[in-house]
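Reader: I am new to this structure and should like to understand the terms used for it. Please set each value against its definition.

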Amino acid sequence: MLGASSKATGSELNIKAVTGDPQESLIPNAVALERFVHALVNREPDLPQIRDELRREIGEQGVIEAAGTAANFQRMGRVAESMGIPLDDASLAMGETLINDLGLQHFKSARNTFG
């Protein structure tokens, strides 16, 4: 989805930064966004402070969009994982390079998706 949106907006993107250094992503405010998403996903107690920091960087509308995007990705992943939905062979083959480049097979949920 990131790849498609970067093409649609004519933005440059380093997809490997998704699992690496957010400063290398070429996405504006990537460090603050990554910190927010990490706090959100891990339910960190300092989420309110991190959200306020993000709001100072990207504004109220930016926080709303970031939170909505993160929540949507969480929802889709949690539904698929809770149902044990694996990737079909065609999707797995198409995504093999991305899976390997990002090391996605090392995430805990990979056992449900890849196997």
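Reader: What is the accessible surface of the protein, and what share belongs to carbon and sulfur atoms?

Author: The accessible surface comes to about 8200 Å², and 56% of it belongs to carbon and sulfur atoms. Such areas come from the Shrake-Rupley method with a 1.4 Å probe, and for residues only the protein chains shown count as cover. This is a predicted model, in which local features need pLDDT of at least 70, side-chain atom pairs count only at pLDDT 80 or more, and totals for chains, interfaces and linings use all residues. Residues are numbered from 1 along each chain as its sequence is written, and side-chain values use heavy atoms, with hydrogens and water left out.

Reader: What is the mean pLDDT of the protein, and which elements have the lowest and the highest mean values?

Author: The pLDDT is the predictor's confidence in each residue, from 0 to 100. Its mean over the protein is 80, and 80% of the residues reach 70 or more. Among the elements, helix α1 (residues 2-9) has the lowest mean, 69, and helix α2 (residues 30-41) has the highest, 89. Where pLDDT is low, the predicted coordinates should not be read in detail.

Reader: How many helices and strands does the protein have?

Author: There are 5 helices and 0 strands, in the order α-α-α-α-α along the sequence. Helices (H or I, at least four residues) and strands (E, at least two) are DSSP runs, numbered from the N terminus.

Reader: Why does the span of helix α4 agree with its number of residues?

Author: The expected span of a helix is 1.5 Å times one less than its number of residues. Helix α4 (residues 89-102) has 14 residues and should therefore span 20 Å; its end C-alpha atoms are 19 Å apart, which agrees. Helix α2, with 12 residues, reaches 16 Å from its first C-alpha to its last, close to the 16 Å expected.

Reader: Where does α4 bend, and by what angle?

Author: The bend in α4 is about 55°, at Gly95. A bend at a residue is the angle between axes fitted to the seven residues ending there and the seven starting there. Gly95 is also buried, as are Ile99 and Leu102 in α4. Just after this helix, Gly103 takes a positive phi of about 65°.

Reader: What makes up the largest nonpolar core?

Author: A nonpolar core is a set of buried Ala, Val, Leu, Ile, Met, Phe, Trp, Tyr and Cys residues joined through side-chain atoms within 4.5 Å. The largest has 8 residues: Ala32, Phe36, Ala39, Leu47, Ile50, Leu54, Val63 and Ala66.

Terms used
Buried means under 20% relative accessible area, exposed over 50%, partly exposed in between (1.4 Å probe, protein chains only).
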